[in-house]
Structure formats: structure tokens, C-alpha cells
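Reader: Please pick out one part of this model and go through it closely. I would like a single connected account, with the angles and distances included.

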Amino acid sequence: MMAAARFIVRGKVQGVYYRASTRDHAIALGVMGSARNLDDGSVEVVAIGTGNAISELERWLWQGPPSASVAEVCREELAAAPNGVRDFVTG
């Protein structure tokens with residue numbers, strides 16, 4: 001069964017390859033969705049996949065790439081997956 005969640009990741013997460021690394025990890029887990037920088041310096045991640053894969057991605061979001069310093073990861077369950085998502089993209 002597919003699940004969907006939205007994460008807001010705060011800390012030193014912009015300019016450290018956080019989005020690209022998240023994409024690589026998500027694809028390895030079979031998770032679709034997106035990662036994008038927000039104006040406040042945080043990163044928004046939308047993840048669509050199995051519940052286990054999304055939970056594993058969440059654990060990774062707390063770590064991120066070596067240059068990142070994650071202070072907070074907030075999770076919001078989404079009632080439905082966004083339409084037309086077939087890959088994991090960064091923006």
C-alpha cells in the first residue's frame with residue numbers, strides 16, 4: 001500500500017547537497033516525490049512509497065549528507081499522493 005508524507009527539514013540543509021543526496025537515497029528506496037529549498041532556509045521533502053520506505057527515508061533525513069547539520073525534521077502525513085508523480089525530483 002502506498003503512503004505519502006511531507007517533511008520540513010531545518011538546520012544547515014541548503015548549499016550542502018542535501019536535496020541531491022535525498023533524491024539519491026529516495027530512489028534507492030523506491031520512493032517517489034520531490035525535495036526543494038524553501039525561502040526560510042529549510043528543505044521540503046514530499047515522499048510517496050511504502051510506509052517502510054518512507055520511514056527509512058525519514059531516518060536518513062535526520063542525518064543527511066556529511067556537510068549537513070540537521071536540527072529538526074517535521075513530518076505531516078498526506079491523505080493522498082500528489083497526482084502525476086512518477087520519479088523523485090529536486091527543485
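Author: The model is a predicted one. So helix α2 is the place to begin, and its neighbours follow in turn.

Start with the helix itself. Thirteen is its length in residues: α2 has 13 residues. From the first C-alpha to the last, α2 reaches 19 Å. That is close to the 18 Å expected at 1.5 Å a residue.

Which residues of α2 are buried? They are Ala 53, Ile 54, Leu 57, Glu 58, Trp 60 and Leu 61. Around the axis they cover an arc of only 165°, which puts them on the same side of α2. The face turned away from this buried side carries Asn 52, Arg 59 and Gln 63, which are exposed.

Ser 55 also belongs to helix α2. Its relative accessibility is 25%, so Ser 55 counts as partly exposed. Take Arg 36 as a reference point. In sequence, Ser 55 and Arg 36 are 19 residues apart. In space, their C-alpha atoms are 19 Å apart. Just after α2 comes Gly 64, with a positive phi of about 70°.

Now the sheet. It is open and has five strands, in the order β4-β1-β3-β2-β5, with mixed pairing. The edges are β4 (69-77) and β5 (88-90). Each has a single partner strand, so one side of each is left without a neighbour in the sheet. On average, neighbouring strands are turned by 20° against each other, direction ignored.

Strands of a sheet pair through backbone hydrogen bonds, and the pairing is either parallel or antiparallel. Two pairings of β1 can be set out here. With β4, strand β1 runs antiparallel, joined by eight bridges. Ile 8 stands opposite Cys 74 in β4. With β3 (residues 43-50), strand β1 (residues 2-12) also pairs in the antiparallel sense, over eight bridges. Two bridge partners in β3 can be named. Ala 4 has Ile 48, and Val 9 has Val 43. On this sheet packs α2, touching β1, β3 and β4. The direction of α2 makes about 155° with that of β3.

The other neighbour is helix α1. It lies across β1, β2 (32-37), β3, β4 and β5. Relative to β5, α1 runs at about 175°. Twelve residues make up α1. Its span from first C-alpha to last is 16 Å, close to the 16 Å expected at 1.5 Å a residue.

Buried residues in α1 are Tyr 18, Ser 21, Thr 22 and Ala 26. Seen down the axis of α1, they fall within an arc of 135°, so they line one face of the helix. Their cover includes β1, β2, β3, α2, β4 and β5. On the face turned away sit the exposed residues Asp 24 and Ala 28. After α1 comes Gly 30, whose phi is positive, near 80°.

How do the two helices meet through their rings? The structure holds one aromatic pair. Its members are Tyr 18 and Trp 60, with ring centres 5.8 Å apart and planes at 40°, so the pair is tilted. The pair links distant parts of the chain: Tyr 18 is in helix α1 (residues 18-29) and Trp 60 is in helix α2 (residues 51-63), 42 residues apart. Both Tyr 18 and Trp 60 are buried.

Next comes Tyr 17, in the loop between β1 and α1. Is Tyr 17 buried or exposed? With a relative accessible area of 66%, Tyr 17 is exposed. Its phi is near 65°, a positive value in a residue other than glycine.

Asp 87 lies in the loop between β4 and β5. At 40% relative accessibility, Asp 87 counts as partly exposed. Leaving out residues up to four places away in sequence, Asp 87 touches Arg 23, Ile 27, Met 32 and Gly 33. Gly 15 gives a distance in another direction. The C-alpha atoms of Asp 87 and Gly 15 are separated by 23 Å, and the two residues are 72 residues apart along the chain.

Note on methods. Residues are numbered from 1 along each chain as its sequence is written. This is a predicted model: local features need pLDDT of at least 70, side-chain atom pairs count only at pLDDT 80 or more; totals for chains, interfaces and linings use all residues. Side-chain values use heavy atoms; hydrogens and water are left out. Rings of Phe, Tyr and Trp (its six-membered ring) pair if their centres lie within 6.5 Å; planes under 30 degrees apart count as stacked, over 60 as edge-to-face and the rest as tilted. Helices (H or I, at least four residues) and strands (E, at least two) are DSSP runs, numbered from the N terminus. Buried means under 20% relative accessible area, exposed over 50%, partly exposed in between (1.4 Å probe, protein chains only). Two strands pair if DSSP finds at least two bridges between them. Axes are lines fitted to C-alpha atoms, for helices over the stretch in contact, and angles run from 0 to 180 degrees between N-to-C directions. Contact means heavy atoms within 4.5 Å. The expected span of a helix is 1.5 Å times one less than its number of residues. The arc is that of the directions from the helix axis to the C-beta atoms.
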